[in-house]
Amino acid sequence: MEKNRRQFLRRIAGLGGVATMSAVPFVTNAASQVTVKDIRLSSHKDYVRLVFDLDKVVDHSVFTLNKPDRIVLDLKNTKMTHGMVDRIGANSMIRRIRSGVRNSNDLRVVFDLQQEVKPRSFVLGPSGKSGHRLVLDLHDRTAGSTVSKKAAPKKHQLRDVIIAIDAGHGGKDPGATGKKGTREKTVTLQMARRLEKKINQQKGMKAVLTRRDDRFLRLRARIEKARKYNADMMISLHADSFPDPRARGSSVYALSVDGATSETAKLLAEKENAADLLFGDVNLAVEDEMVKEVLFDLSLTGTIQSSLDIGDEVLRQIKHVNRVHKRQVQQAGFAVLKAPNIPSILLETAFISNPREEKNLKSAAHQKKVANAISKGVAKYFSRKAPPGTWLSASAAEYKVRSGDTLGSIAKKYKTSVENLRARNAMHTSSLNAGQVLKIPVS
Ligand SMILES: [Zn+2]
């Protein structure tokens with residue numbers, strides 16, 4: 001399969017044939033890998049230019065994919081610091097950039113595009129102060145339209161971060177049931193609605209629900225809904241159960257490719273997945289089987305890292321309102337988390353099988369507390385890592401807090417509101433520390 005895949009990539013990249021393949025030496029020595037030292041982006045009249053600064057000459061290939069529009073850049077035997085692509089700012093062509101390791105030592109960078117573009121790439125040798133470079137130009141395909149030269153996009157172009165909230169189970173699948181008869185499908189829906197409200201109260205974020213009533217949804221349908229809404233993340237809400245009524249606490253899960261973190265995580269995944277035995281694959285909206293396979297693993301590499309990152313932020317907040325069952329984000333093969341391109345987490349809010357937690361799960365006050373904690377965690381993550389083109393990713397400036405500053409005085413100085421300052425920085429109190437750096441929102 002691996003060989004076929006490479007041939008396939010070569011074919012779509014328009015590079016040589018099988019003969020060339022066998023001539024490529026197989027290098028595993030990390031020291032001889034090409035290192036990406038920096039990535040620079042500049043906007044021009046009809047194109048966006050990305051320059052990869054490298055320490056050696058690189059073997060690369062580029063190909064495009066549609067529905068949704070993407071560009072895939074493969075760099076052979078290359079490494080890059082994790083998170084480097086996150087530094088690239090918003091622009092009217094690129095929606096978001098992801099990177100991942102392929103075949104142990106190759107690097108793959110995927111550009112999710114705002115529109116269809118025509119890529120052109122070339123390498124440059126050292127000259128003057130510059131070293132080896134790989135240049136990738138993304139040309140505007142739509143005639144007449146131009147790319148904004150401004151680094152910060154205008155307010156009206158900035159979109160909200162979309163959070164898909166998935167209330168677990170529903171309809172003929174009630175999920176777990178508590179001693180007092182509380183059903184998982186009911187409390188997850190109540191929680192989902194409360195979380196929706198909290199998220200919609202936060203500037204720059206918008207919530208969408210996979211179900212709004214008591215109905216059965218296949219796991220695959222849940223993922224398809226999140227994709228349809230162009231969700232930037234998905235959170236699936238559940239309530240755990242265990243034969244021993246003493247088991248209690250919240251747990252956060254992210255998808256694992258290599259298997260579950262623990263045996264418990266594995267059993268839980270089997271239990272949650274069982275409701276939909278027909279689920280087996282993910283519709284990638286691409287006809288070619290090979291493309292599907294290539295896309296699936298490339299999209300998972302960056303997505304899982306982001307999922308763990310979001311899960312960690314949520315767990316940090318949950319700790320304040322509920323006992324935590326496992327202190328770290330767990331990984332397991334939950335089908336609902338297998339949404340390529342969409343970082344996803346699954347939250348087992350509490351144990352419905354524990355009498356005290358069953359009571360909490362039904363309580364409006366407790367549900368609000370949990371919803372608030374989740375929304376804070378999500379906001380924290382997106383204040384750091386919102387995708388390009390969103391209000392939460394844009395900054396007019398950065399400000400280093402001095403002693404004596406208040407949110408009000410900073411807001412006034414930059415002609416923005418305290419509410420916007422808080423939202424952009426995911427601040428949930430008014431306390432400031434000298435030296436703290438605040439992102440000034442685009443007003
Ligand atoms: Zn469940």
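Colleague: Leaving aside its neighbours within four places in sequence, with which residues is His 132 in contact?

Modeller: The model discussed here is predicted. His 132 lies in strand β9, which covers residues 132–140. Leaving aside neighbours within four places in sequence, the residues in contact with His 132 are Leu 54, Asp 55, Lys 56, Val 57, Gly 125 and Pro 126.

Colleague: What separation is found between the C-alpha atoms of His 132 and Leu 54?

Modeller: Leu 54 is among the contacts of His 132. Along the chain these two residues are 78 residues apart. In the model, their C-alpha atoms are separated by 5.1 Å.

Colleague: Does His 132 count as buried, partly exposed or exposed, and what is the class called?

Modeller: A buried residue needs 20 or more other C-beta atoms within 10 Å, and an exposed one has 12 or fewer. His 132 has 18 C-beta neighbours inside 10 Å, so it counts as partly exposed.

Colleague: In β5, which residue is the bridge partner of Thr 35?

Modeller: Strand β1 spans residues 34–43 and is joined to β5 by three bridges. The two strands run parallel. Within β5, the bridge partner of Thr 35 is Lys 79.

Colleague: How many residues of strand β4 (residues 70–75) are buried?

Modeller: In a regular strand, side chains alternate between the two faces of the sheet. On one side of β4, Arg 70, Val 72 and Asp 74 are buried, and on the other Ile 71, Leu 73 and Leu 75 are buried, leaving both faces covered. The strand is largely enclosed by the rest of the structure, because its buried residues number six of six.

Colleague: Which residue of β7 stands opposite Asp 74?

Modeller: β4 pairs with strand β7 (residues 106–113) in the antiparallel sense, over six bridges. Six bridges also join β4 to strand β3 (residues 60–65), again antiparallel, and there Val 62 stands opposite Leu 73. In β7, the residue opposite Asp 74 is Arg 108.

Colleague: Which residue in the hairpin of β3 and β4 takes a positive phi?

Modeller: This hairpin has four residues between its strands. The positive phi is near 50 degrees, and the residue that takes it is Lys 67.

Colleague: What is the phi of Asn 77, which is not a glycine?

Modeller: Asn 77 is placed in the loop between β4 and β5. With 22 C-beta neighbours inside 10 Å, this residue counts as buried. Its phi is positive, at about 45 degrees.

Colleague: In which loop is the place of Ala 426?

Modeller: Ala 426 is not a glycine, yet it has a positive phi of about 45 degrees. It counts as buried, with 21 C-beta neighbours inside 10 Å. Its place is the loop between α10 (418–425) and β17 (437–440).

Colleague: Against which strands do the buried residues of α4 pack?

Modeller: Helix α4 comprises residues 219–228, and Leu 219, Arg 222, Ile 223, Ala 226 and Arg 227 are buried. Seen down the axis of α4, these residues fall within an arc of 135 degrees, so they line one face of the helix. Just after α4, Asn 230 takes a positive phi of about 55 degrees. The strands against which the buried residues pack are β10 (161–167) and β12 (233–240).

Colleague: How many residues of α3 are buried?

Modeller: Helix α3 (residues 184–201) reaches 26 Å from its first C-alpha to its last, close to the 26 Å expected at 1.5 Å a residue. It is mostly covered, and of its 18 residues the number buried is 13.

Colleague: What average pLDDT does the protein have?

Modeller: At least 70 is the score of 79% of the residues. The pLDDT is below 50 over residues 1–28, a stretch with 20 contacts beyond near neighbours in sequence, and also over residues 276–292, which has 24 such contacts. Where pLDDT is low, the predicted coordinates should not be read in detail. The average for the protein is 81.

Conventions:
Residues are numbered from 1 along each chain as its sequence is written. This is a predicted model: local features need pLDDT of at least 70, side-chain atom pairs count only at pLDDT 80 or more; totals for chains, interfaces and linings use all residues. The arc is that of the directions from the helix axis to the C-beta atoms. Two residues are in contact if their C-beta atoms, placed from the backbone, lie within 7 Å. pLDDT is the predictor's confidence in each residue, from 0 to 100. Two strands pair if DSSP finds at least two bridges between them. The expected span of a helix is 1.5 Å times one less than its number of residues.
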